[in-house]
Amino acid sequence: MNEDNARFCLLAGLILLYLLCGAAVFSALERPFELRARHRWAQQLDEFTRTHSVSTAALHSLLRDYEEANGAGVRVDALRPRWDFSGAFYFVGTVVSTIGFGMNTPATISGKIFLIFYGLIGCAATILFFNLFLERIITMLAYIMRWFHERQLRSSGGAEALGGRTPHREDDSLEGWKPSVYYVMLILGVASVVIACSASTLYCTMEEWSYVDSLYFCFVAFSTIGFGDLVSSQRQQYESQGAYRLGNCLFILMGVCCIYSLFNVISIVIKQTLNWILAKLVCSRTGCRSLCCPRRSRKHAARRPAAVTGRGGARFKGNSVHPLQSQPGVQRYTGGSLDTAGDSETDGGAGGEAGRRLSGEMISVNEFNKVSLALLQKQLSDTAHHHGHAPQCHAHLNGFSGGVGAFAIMNNRLQETSGDR
């Protein structure tokens with residue numbers, strides 16, 4: 001079994017184990033409450049039928065009618081209209097963002113058919129928006145991280161690196177500095193927490209929810225899970241209603257964008273963890289006769305100094321992407337970290353693999369798995385070193401712009417194939 005299939009099977013097995021553990025935990029937490037609620041409801045029905053001399057069958061028929069009306073948006077307490085313009089706008093927002101609270105759904109056949117086509121285009125456009133948002137987040141973070149790194153150099157006496165003289169260590173050089181993907185994950189996580197806590201304070205005041213319920217709603221909404229048990233801005237009247245509804249939309253928009261970006265970065269870290277587990281498994285099976293072992297990798301790297309040293313003798317660090325002095329399009333993957341060389345992240349491997357670029361295929365699984373971390377870090381590095389302007393090789397081509405992650409790989413593949421034809 002090759003590395004890609006092994007990673008896929010390992011991930012599938014871990015996800016299955018994760019689901020089994022989650023099911024066990026939620027069953028232990030929620031099952032007793034469900035049983036108590038069923039028992040209490042049965043007692044209430046029995047007491048109501050005896051007190052008001054109503055047959056159980058007639059009461060059940062009334063409750064079924066209410067459930068049907070509830071699906072159309074009818075509630076005991078007065079709520080905002082579901083299908084006026086503002087209510088419909090809130091609905092289409094939950095559709096294209098894939099949140100799907102479910103508090104109102106189309107009831108007519110024409111509405112259901114229109115939703116299919118509307119959601120197809122709207123969801124695709126929103127995914128594109130999220131990817132472009134991720135690019136701009138990376139650009140902003142690259143500027144911020146580079147600014148802090150410059151200040152650190154000045155405060156630590158590394159001003160000679162800023163003046164153009166070659167420093168002794170890579171960390172003392174702005175040219176050799178590469179932003180870490182883990183810092184990006186930390187910053188996005190902090191930003192998501194700040195947005196969620198701020199939104200929860202607003203919901204506690206306006207919706208009269210507890211703070212825990214507000215945090216729970218924020219995660220469910222921002223991650224586009226959208227259970228619909230708690231939905232904001234549904235009452236008929238609020239104090240400062242216009243300002244609250246605007247703030248609610250802005251919080252949901254910012255939260256969804258940040259959580260989407262955070263999920264992308266976490267998925268890269270998960271892939272790195274899978275690579276590490278696979279390397280350990282191969283190491284234990286082969287007795288460290290391969291490059292999967294870190295010790296063997298370091299010895300192998302010592303024999304090939306050109307692969308681990310760059311300009312000025314700077315050494316390459318793990319989880320950093322550095323251009324190598326080698327043939328264009330060559331990629332080296334060792335022990336979960338990826339070094340890339342050449343002008344295109346989607347070029348094939350060395351030798352005959354480079355010819356695959358002209359074959360017309362969009363993207364291979366191997367490229368998807370191995371380049372995502374490099375793309376994210378290279379975007380950070382290029383943005384920081386080129387002041388927001390990508391190198392010439394990443395300029396606009398055929399109306400497309402460079403992207404991040406799998407989106408960038410597919411973009412570049414489309415550019416290459418359309419250009420060749």
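This is a short walk through one predicted protein model, from the whole chain down to single residues.

Some ground rules. Residues are numbered from 1 along each chain as its sequence is written, and side-chain values use heavy atoms, with hydrogens and water left out. In this predicted model, local features need pLDDT of at least 70 and side-chain atom pairs count only at pLDDT 80 or more, while totals for chains, interfaces and linings use all residues.

Start with the whole chain. The protein chain has 11 helices and 2 strands. Those are DSSP runs, numbered from the N terminus: helices are H or I with at least four residues, strands are E with at least two. From the N terminus on, the order is α-α-α-α-α-α-α-α-α-β-β-α-α.

Now burial. Of the 421 residues in the protein chain, 36% are buried. Buried means under 20% relative accessible area, exposed means over 50%, and partly exposed lies in between (1.4 Å probe, protein chains only). The accessible surface of the chain comes to about 25100 Å². Carbon and sulfur atoms hold 63% of that surface. These areas come from the Shrake-Rupley method with a 1.4 Å probe; for residues, only the protein chains shown count as cover.

Next, contacts, meaning heavy atoms within 4.5 Å. Take contacts between residues at least 6 apart in sequence: 62% of them join residues at least 24 apart.

On to the core. Which residues touch the most other members of the largest nonpolar core? They are Phe101, Tyr203, Phe217, Phe222 and Ile252, in a core of 33 residues. Helices H4 (109–155), H6 (181–206), H7 (211–222) and H8 (241–286) each give two or more residues to this core. H8 gives the most, with 9 residues. By definition, a nonpolar core is a set of buried Ala, Val, Leu, Ile, Met, Phe, Trp, Tyr and Cys residues joined through side-chain atoms within 4.5 Å.

Look at Phe101. Leaving aside residues up to four places away in sequence, Phe101 touches Tyr90, Thr94, Phe217, Ala221, Gly226, Phe227, Gly228, Leu230 and Val231.

Now helix H4. Its 47 residues should span 69 Å at 1.5 Å a residue, and its end C-alpha atoms are 67 Å apart, which agrees. The expected span is 1.5 Å times one less than the number of residues. H4 also bends by about 25° at Tyr118. That bend is the angle between axes fitted to the seven residues ending there and the seven starting there. Just after H4, Gly157 takes a positive phi of about 80°.

Stay with phi. Thr98 is not a glycine, yet its phi is positive, near 65°. Thr98 sits in the loop between helix H3 (85–96) and H4. At 41% relative accessibility, Thr98 counts as partly exposed. Ser233, also not a glycine, has a positive phi of about 55°. Its place is the loop between H7 and H8. Ser233 is buried, with a relative accessible area of 1%.

Two more residues. Ser261 is in helix H8. Is Ser261 buried or exposed? Buried, because its relative accessibility is 0%. Its side chain reaches the backbone oxygen of Cys257 at 2.9 Å. Ser261 also touches Phe133, Leu134 and Leu188, again not counting residues up to four places away in sequence.

Last, Arg7, in helix H1 (residues 3–52). Arg7 counts as buried, at 4% relative accessibility. Its side chain makes a polar contact with the side chain of Asp4, at 3.2 Å. A polar contact is a pair of N or O atoms within 3.5 Å; within protein, one must be able to donate a hydrogen and the other to accept it, and residues adjacent in sequence count only if both atoms are side-chain atoms.
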